[in-house]
Amino acid sequence: MKRHFFLSAALVGLLIIAEVALASDVAASSQAYWRYVQENDLSAYSGLWHKDFLGWPSVSAVPVHKDHITDWITSQTSTGLAFKTGEFKPAAIQVTEDIAVACYWITFKWLDRDGNGAANTIRITHAWLRTGNDWRIIGGMSMPEPDTPRN
């Protein structure tokens with residue numbers, strides 16, 4: 001009986017460790033996402049997205065698929081602006097089997113050639129799907145953070 005209890009406890013402990021490790025992988029991928037945007041590395045950025053992605057970025061009037069996932073970046077960089085990451089603030093993450101949902105805030109600026117630009121903060125939810133050892137964003141949504149906190 002004691003052996004069964006210890007094996008069960010060990011299994012639960014391993015599952016908890018695995019979930020924490022998976023959550024940290026997804027959190028690290030979320031941060032890499034913004035680094036790729038700042039470096040204007042559209043190839044690496046596109047590589048984070050699942051081929052069947054569907055999401056609704058705050059800058060789009062309609063949902064988009066993977067083939068339009070870089071439009072929000074190129075619409076700014078084509079005018080000479082450069083993306084600058086500010087604060088990355090995790091809100092919550094949950095991993096269930098091969099799906100992880102990550103919620104966070106990001107503050108950023110689009111800088112002109114003189115380094116000027118207004119700070120923007122948006123809320124983001126990304127659904128990540130694990131295929132083998134790789135995690136890819138399969139869905140998501142973002143919205144501007146209100147200037148005044150909501151109750």
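# Briefing: pocket, strands, aromatic cluster and salt bridges

Strand S5 supplies the largest share of the lining of the largest pocket, namely five residues. The structure is a predicted model. Its computed features include 13 aromatic pairs and three salt bridges.

**Largest pocket**

- The volume of the largest pocket is about 320 Å³.
- Among the 23 residues lining the largest pocket, those closest to its centre are Pro57, Ser58, Val59, Ile122 and Ser142.
- Two or more lining residues come from each of helix H1 (2–38), strand S1 (49–56), S4, S5 and S6.

**Strand pairing**

- Strand S3, covering residues 82–96, pairs with strand S4, covering residues 99–111, in the antiparallel sense over 12 bridges.
- Within this pairing, Phe83 is placed opposite Trp110 of S4.
- A hairpin is formed by S3 and S4, with two residues between them. Glu97, in the turn, has a positive phi of about 55 degrees.
- Val101 stands opposite Ala127, a residue of S5.

**Aromatic residues**

- The structure holds 13 aromatic pairs. In one of them, Trp49 and Phe53 are arranged edge-to-face, with 4.7 Å from centre to centre and 75 degrees between the planes. The pair counts as edge-to-face because the angle between the planes is over 60 degrees.
- Trp49 and Phe53 are both buried.
- One aromatic cluster is formed by Tyr33, Trp34, Tyr45, Trp49, Phe53, Trp72, Phe83, Phe108 and Trp110.
- Lys89 lies over the face of Trp105, 4.8 Å from the ring centre.

**Salt bridges**

- The count of salt bridges comes to three.
- Lys51 and Asp52 form a salt bridge in which the closest N and O atoms are 3.0 Å apart. Lys51 has a relative accessible area of 64% and is therefore exposed, whereas Asp52, at 47%, is partly exposed.
- A salt bridge joins the side chains of Arg123 and Glu145, at 2.4 Å from N to O. Arg123 is in strand S5 and Glu145 is in the segment after strand S6 (134–144), so the pair ties together parts that are 22 residues apart in sequence.
- Arg123 has a relative accessible area of 27% and is partly exposed; Glu145, at 26%, is partly exposed too.

Note on methods. Residues are numbered from 1 along each chain as its sequence is written. This is a predicted model: local features need pLDDT of at least 70, side-chain atom pairs count only at pLDDT 80 or more; totals for chains, interfaces and linings use all residues. Side-chain values use heavy atoms; hydrogens and water are left out. Rings of Phe, Tyr and Trp (its six-membered ring) pair if their centres lie within 6.5 Å; planes under 30 degrees apart count as stacked, over 60 as edge-to-face and the rest as tilted. Buried means under 20% relative accessible area, exposed over 50%, partly exposed in between (1.4 Å probe, protein chains only). A charge sits over a ring if NZ of Lys or CZ of Arg is within 6 Å of the ring centre and within 35 degrees of the ring normal. Two strands pair if DSSP finds at least two bridges between them. Helices (H or I, at least four residues) and strands (E, at least two) are DSSP runs, numbered from the N terminus. A salt bridge is a side-chain nitrogen of Lys or Arg within 4 Å of a carboxyl oxygen of Asp or Glu. On a 1 Å grid over the protein atoms alone, a cavity is a set of points where a 1.4 Å probe fits but cannot get out, and a pocket is an open set with protein on both sides within 12 Å along at least five of seven lines; lining residues have an atom within 4 Å of a point. Grid points are joined across faces, edges and corners, and a volume is the space filled by probe spheres set on the points.
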